[in-house]
Amino acid sequence: MRSFPALLAAAILLGSLLLTSTVTGAPTPTPLGSIKAFEAELALARTNVSTNATAALAHLETARGLYVTNLQPTARARDAATDKFVLAELTAATERIAAGDVTGFAVESQYLKKVQYRIAYLQMWYHLNVSSDVGKAKPWFDVLAWKFKWTADDEAVHAMEEILEDPGTLSHESQEIHEATIEQFVDKVVEEGSEAKGNLVKDRAEAREQAAEATAYFMAIGEEVEEESGAETRYAIEGYLHALVVAVDADDATSLARALAGYQSLLTYFETGYRPGDLAGATARIATLMDLVVKEYTLAVGPEGGSILDQEEYDEAVLFANDAKGLFGQSFAEAYQADADLTVDVFADINATITLIEQKARPSQVDVEVLEVKAHLAEIGGGPGGEPLTPAQHIERIEELLDKAVAEYKEGDHAAAGDVVTEAYIYHFEGIEAPLAAKDQDLMENLEVAISTDLRRMIEEGKPTSEVEEKVRSIKGDLVEAEGLLSGQTQPSTAQPSGPSPMLIAIFVGVIAIESLAVLYLWARLEAARRPLDAAGATATPRHGGGTRPTADNTADDHRSRGGHDEE
């Protein structure tokens, strides 16, 4: 048995070896190494959720330890709310494992991974702009360069190299890095949302993850958006991102597309900045550009589309469409103030136009989208306090939408056709309903039923295209009549001629004659009954409370005022 001094010596030696290994052992991991290790443990946990919950929990606890040791101090120093978010997500991920919820864990995992890039961004920005310590900023810059796959050709990498070579360029080049980073985060938010839209039908679980990624990426730049474009813009984007997640969960492609267009348009506003100007002039220029898109695209692909016949014309169509999108982005703030919903619709329609061009769709399809853009631009163009659409403009828009509905119906998209008819009714027929009712109530009611009920029912029931087209032609015929009435060029179909017709005169005279004879007969009977009591031949007094006895003329007038029903 060894003596106590020997054991003490051995213990001291072991302690010194442990201390030496702690001090001189593996170096402290870099931020990039820490994040890669954190993500690796999350990935291992994910693979075990459905098969080995114990192993999944072990990997998740390892990830938690890596975060607490290597990343939490930075998170707390830069943004305590971000640290709280990570800890809450780690708890939620634990609950997902316990429930065996693979999809739920995958979603929590995406939040946990993407929020680390916010931490990296905040720390890099702090050292570049507050502490001015490029050496400390560079490791966090490397995290973002790895994530965004930046190369020596990218502006951000070039800017960092300039700073390292000449610290005097820090102020200018750090702004280049900042702008490049923000642009990348914006692109990621848009990209993930777009991929979620594409995967909704193919892989809803994947779409749910991508919606979560879009939300997490936006967390990195939410404060910058609020500072640059206002709190309302930030909260509106967050609202659309939440709607994106809800739409994926509900398998609602329409709501998903609207949410995506909503936050894309607001991010465009954020990127371009608020540039006040002539909104009416801007919308007119955008409309002109969209007309050029149709013209050049038709020349580029021919009437059937499918392939490029003239590359130069095609490139011009793409250029004009993107110019229109850029110009609308510059005017976004004013347009959004004028009409938020329509502004989002215009942005979505311009994007849809660009997508159709990329798909080499038929020019007629592009034309339908362009008509949509122009109609909404016309409504926005007046801005706050601007003039509303005239009845003629509403009618023109209804006709355009009916044509679009027929086109969608022919393509087999009955749901889209029904939506277009609904739009025509809600947004445009109601714009003429009251003035048309004042001119011709029957015509107004016929049109209302034809558009809001009959046509939509035919579309829902899948009636033959020829019947739908015939119904649309009938509606358009009534719209022509309505436009004439509202413009004062024609008279209501129920209006009476300036003078009474001979038949009306004959009926009127006959009624007067009959009622006059009846009155005279009653008067004669009354006089005969009173004669014995009034031998002096005094004239009888009226019995109408001091009023006058009805004459033939006012009896006829009373008859007409009561719709032809006598009351005795």
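Reply: Start with Ser132. Its relative accessible area is 46%, so Ser132 counts as partly exposed. One caution before going further: this is a predicted model.

Where does Ser132 sit? Ser132 belongs to the loop that joins H5 to helix H6 (134-148). Its backbone is worth a look. Phi of Ser132 is near 55°, a positive value, and Ser132 is not a glycine. In general, most residues other than glycine have a negative phi.

Asp251 is in the loop between helix H11 (231-249) and helix H12 (253-272). Its relative accessible area is 45%, so Asp251 too is partly exposed.

Helix H5 (residues 102-129) packs against helix H8 (residues 170-199). A packed pair is described by the angle between the axes and the distance between them. Here the angle is about 165°, and the axes are 10 Å apart. H5 and H8 are therefore roughly antiparallel, since an angle over 145 degrees counts as such. The crossing of H5 past H8 is left-handed.

Which residues make this contact? H5 brings Tyr117, Tyr121, Met124, Trp125, Leu128 and Asn129. H8 answers with Leu170, Ser174, Gln175, Ile177, His178, Thr181, Ile182 and Phe185. By class, the contact of H5 with H8 holds nine nonpolar and five polar residues, and no charged ones.

Some of these names come back around Leu144. Beyond its neighbours within four places in sequence, Leu144 touches Tyr117, Ala120, Tyr121, Met124, Trp150, Thr181 and Phe185. Leu144 is also part of the largest nonpolar core, which has 106 residues. Those with the most contacts inside this core are Leu144, Phe141, Trp150, Phe185, Tyr263 and Phe328.

The axes of H18 (residues 391-410) and H21 (residues 465-487) come within 10 Å and cross at roughly 175°. H18 and H21 are therefore roughly antiparallel. The contact of H18 with H21 has 14 nonpolar residues, one polar and six charged.

Ile380 is in helix H17 (residues 363-380). Its relative accessibility is 1%, so Ile380 is buried. Setting aside neighbours within four places in sequence, Ile380 is in contact with Leu279, Ala335, Ala338, Leu342, Thr343 and Val346. Take Ala338 from that list: Ala338 and Ile380 are 42 residues apart in sequence, but 6.2 Å apart in space, C-alpha to C-alpha.

Finally, the whole protein. It has 23 helices and zero strands. Of its 568 residues, 41% are buried. Among contacts with a separation of 6 or more, 69% link residues 24 or more positions apart.

Conventions
Residues are numbered from 1 along each chain as its sequence is written. This is a predicted model: local features need pLDDT of at least 70, side-chain atom pairs count only at pLDDT 80 or more; totals for chains, interfaces and linings use all residues. Side-chain values use heavy atoms; hydrogens and water are left out. Axes are lines fitted to C-alpha atoms, for helices over the stretch in contact, and angles run from 0 to 180 degrees between N-to-C directions. Helices (H or I, at least four residues) and strands (E, at least two) are DSSP runs, numbered from the N terminus. Angles under 35 degrees count as roughly parallel, over 145 as roughly antiparallel, 65 to 115 as roughly perpendicular and the rest as oblique. Ala, Val, Leu, Ile, Met, Phe, Trp, Tyr, Cys and Pro count as nonpolar, Asp, Glu, Lys and Arg as charged, and the others, Gly among them, as polar. A nonpolar core is a set of buried Ala, Val, Leu, Ile, Met, Phe, Trp, Tyr and Cys residues joined through side-chain atoms within 4.5 Å. Buried means under 20% relative accessible area, exposed over 50%, partly exposed in between (1.4 Å probe, protein chains only). Contact means heavy atoms within 4.5 Å. A crossing is left-handed if the near helix is turned anticlockwise from the far one by less than a right angle, and right-handed if clockwise.
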